[in-house]
Amino acid sequence: AIEDELTILWYAKLKSLFRSKTVSYVKANIFGYPFPKKSVDYCYLLSEMLIKLYDQGQLDGSLVISLSFPLKKVEPTEVFELSGFQKYLYVYDFRES
């Protein structure tokens, strides 16, 4: 998880102590973060933020999974309809073939 706000980062780390899943946290600005190529990036970001990451080339080489918010500039590789509050899961494959 990438978070620039220290208070939110500490809260997330504290909360993760009581969960069985392992999550790594990084204090950084997402727009300057060097995403590794060929990574799988799970996002819960507004469409505008996804567009900015896309325009900066930060999603190149990645498989991007976005909960609820589409990357409006690009046709998704696949869309999954979900039940509950979040209605859709959008998948974008920017990995090189």
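1. Two strands count as paired if DSSP finds at least two bridges between them. Strand 3 and strand 4, residues 63–67, meet that cut-off: they pair in the parallel sense over four bridges. Keep in mind that this is a predicted model.

2. Start with the overall layout. The protein chain has two helices and six strands. Read along the sequence, these elements follow the pattern β-α-β-β-α-β-β-β. The C-alpha trace spans about 35 × 35 × 25 Å along its principal axes.

3. Next, burial and surface. The protein chain has 97 residues, and 30% of them count as buried. Its accessible surface comes to about 7000 Å². Carbon and sulfur atoms make up 57% of that surface.

4. Contacts along the chain are worth a look. Take the contacts in the protein chain with a separation of 6 or more: 35% of these join residues 24 or more positions apart.

5. Now the charges. The protein chain carries 12 positive and 12 negative charges.

6. Four strands form an open sheet, in the order 3-4-6-5, with mixed pairing. Its edge strands are strand 3 (40–43) and strand 5 (78–81), and each of them pairs on one side only. Neighbouring strands of this sheet are turned by 15° against each other on average, with direction ignored. In general, strands of a sheet pair through backbone hydrogen bonds, either parallel or antiparallel.

7. Go back to strand 3 and follow its residues. Which residues form its covered face, and which its uncovered one? Asp 41 and Cys 43 lie on the covered face. Val 40 and Tyr 42 lie on the uncovered face.

8. Asp 41 stands opposite Val 64.

9. Finally, a loop residue. Pro 76 sits in the loop between strand 4 and strand 5. Which residues does Pro 76 touch, leaving aside those up to four places away in sequence? The answer is Tyr 90, Val 91 and Tyr 92. Pro 76 and Tyr 90 are 14 residues apart in sequence. In space, their C-alpha atoms are 6.2 Å apart.

Terms used: Residues are numbered from 1 along each chain as its sequence is written. This is a predicted model: local features need pLDDT of at least 70, side-chain atom pairs count only at pLDDT 80 or more; totals for chains, interfaces and linings use all residues. Side-chain values use heavy atoms; hydrogens and water are left out. Buried means under 20% relative accessible area, exposed over 50%, partly exposed in between (1.4 Å probe, protein chains only). Contact means heavy atoms within 4.5 Å. Accessible areas come from the Shrake-Rupley method with a 1.4 Å probe; for residues, only the protein chains shown count as cover. Lys and Arg count as positive and Asp and Glu as negative; His and the chain ends are not counted. The place of a charge is taken as NZ of Lys, CZ of Arg, CG of Asp or CD of Glu. Axes are lines fitted to C-alpha atoms, for helices over the stretch in contact, and angles run from 0 to 180 degrees between N-to-C directions.
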